[in-house]
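Subject: Structure for your attention

Dear colleague,

Please find below the structure that I am handing over to you.

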Amino acid sequence: MARRQYSTAGVAVAAAMLAVLSVLCSGHPVPGGFVPLQPHFYDHTCPQLQSIVGAIVAKAHAEDPRMAASLLRLHFHDCFVQGCDASVLLDADGSGRFVTEKRSNPNKDSLRGYEVIDEIKTAVEHACPHVVSCADIVAVAARDSVVLTGGPGWEVPLGRRDSLTASLSGSNNLIPAPNDTLPTIIGKFANQGLDVVDLVALSGGHTIGDSRCVSFRQRLYGQNNNGQVDSTLNPAYAAELRGRCPRSGGDQNLFALDPASQFRFDNQYYHNILAMNGLLSSDEILLTQGRETMELVHRFAANQGLFFEQFAKSMVKMGNITPLTGHAGEIRNNCRRVNHF
């Protein structure tokens, strides 16, 4: 009799575990409201998600080759402020509860791709109303952008929900800046649970995309505008850059972060750094200001496969920065405003 009671208890425990697993796989909250992110979250509730995102991102990329880098950057700027919660997409709150992150120094006049996310959201809402978060759409669009330009793919863990607020101060202070010192950048990554390997790997996203003259002008003319070229910048490259980035004016003039392969995701970025052709100060200091970062630059330059593998791992890790799950936040109907507006 005792043996039979033990067996019954074991069956009950196993059944309970299976029930929890079933709930997780269905994408519904478990008691307590927390749902771990996992790639198959929408398999039953919105199986069309991946194909919808892929088709619209491919169309946007065909129309504008810069868009792939913009969508990747959008995900990065979202995750570093309040976690990966689509706060970066919110327009100004008419009630005055928060100020849009779109007005922050890192985002104003430079962050792009909002209209692509809007198009995806409209299509997804038509197929699966009020199921898929804007935060998850941003994460999948970033992955598809990397793949479209020749980079690695990865399974995107899903199940994020959308924030009800944005943080202008967070956007101004938490996102690494082009002129930050290496210790400052390492600290900003560490605040998000990302280590030095993640930092150097994710910086490799600069293998695609552009930067504005205002973001690196000080390297051409000195911090105090004294005309001195940054000693860690190739003089020939500096002379070329000066042609379209004058001492004053031309702030919005665009320059390829990796002119050797501007629209191809590869490891050329690290070769550029080794040749002192890193466009931003935050790129070149990976070689000049830290032994660990310098070693990683050499390793990723020597082995593109290694870079791709680590980039994918670091993107998954970044995508897991304090997501809203379960009953937290909401699923927005429109990515630019919270539902109760």
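Phe311 touches Leu72, Val146, Pro152, Trp154, Ala201, Leu202, Gly205 and Phe265, leaving out residues up to four places away in sequence. Here contact means heavy atoms within 4.5 Å.

This is a predicted model, in which local features need pLDDT of at least 70 and side-chain atom pairs count only at pLDDT 80 or more, while totals for chains, interfaces and linings use all residues. Residues are numbered from 1 along each chain as its sequence is written, and side-chain values use heavy atoms, with hydrogens and water left out.

The overall picture comes next. The protein chain has 14 helices and 2 strands; helices (H or I, at least four residues) and strands (E, at least two) are DSSP runs, numbered from the N terminus. Of its 341 residues, 50% count as buried, where buried means under 20% relative accessible area, exposed over 50%, and partly exposed in between (1.4 Å probe, protein chains only). Among contacts between residues at least 6 apart in sequence, 74% join residues at least 24 apart.

Phe311 also belongs to the largest nonpolar core, which has 73 residues; Phe311, Leu89, Ile117 and Ile120 are those with the most contacts inside this core. A nonpolar core is a set of buried Ala, Val, Leu, Ile, Met, Phe, Trp, Tyr and Cys residues joined through side-chain atoms within 4.5 Å. The largest share of this core, 9 residues, comes from α5. A second, separate core of 13 residues includes Leu220, Tyr221, Tyr237 and Leu241. In soluble globular proteins, nonpolar side chains tend to be buried together.

The axes of helix α4 (residues 114-127) and helix α5 (residues 134-148) come within 10 Å and cross at roughly 120°. Axes are lines fitted to C-alpha atoms, for helices over the stretch in contact, and angles run from 0 to 180 degrees between N-to-C directions. The contact is made by Ile117, Ile120, Lys121 and Val124 of α4 together with Cys134, Ile137, Val138 and Ala141 of α5. By class, these residues are 7 nonpolar, no polar and 1 charged. For this count, Ala, Val, Leu, Ile, Met, Phe, Trp, Tyr, Cys and Pro are nonpolar, Asp, Glu, Lys and Arg are charged, and the others, Gly among them, are polar.

The axes of helix α3 (residues 67-79) and α4 come within 9 Å and cross at roughly 80°. That makes α3 roughly perpendicular to α4; angles under 35 degrees count as roughly parallel, over 145 as roughly antiparallel, 65 to 115 as roughly perpendicular and the rest as oblique.

The axes of α3 and α5 come within 8 Å and cross at roughly 140°, which makes α3 oblique to α5. In this pair, Ala68, Leu71, Leu72, Leu74 and His75 of α3 meet Val138, Ala139, Ala141, Ala142, Ser145 and Val146 of α5. The contact has 9 nonpolar, 2 polar and no charged residues.

Ser145 touches Val57, Ala68 and Leu71, not counting residues up to four places away in sequence. Ser145 and Gly54 are 91 residues apart in sequence and 8.7 Å apart in space, C-alpha to C-alpha.

Yours sincerely,
A colleague
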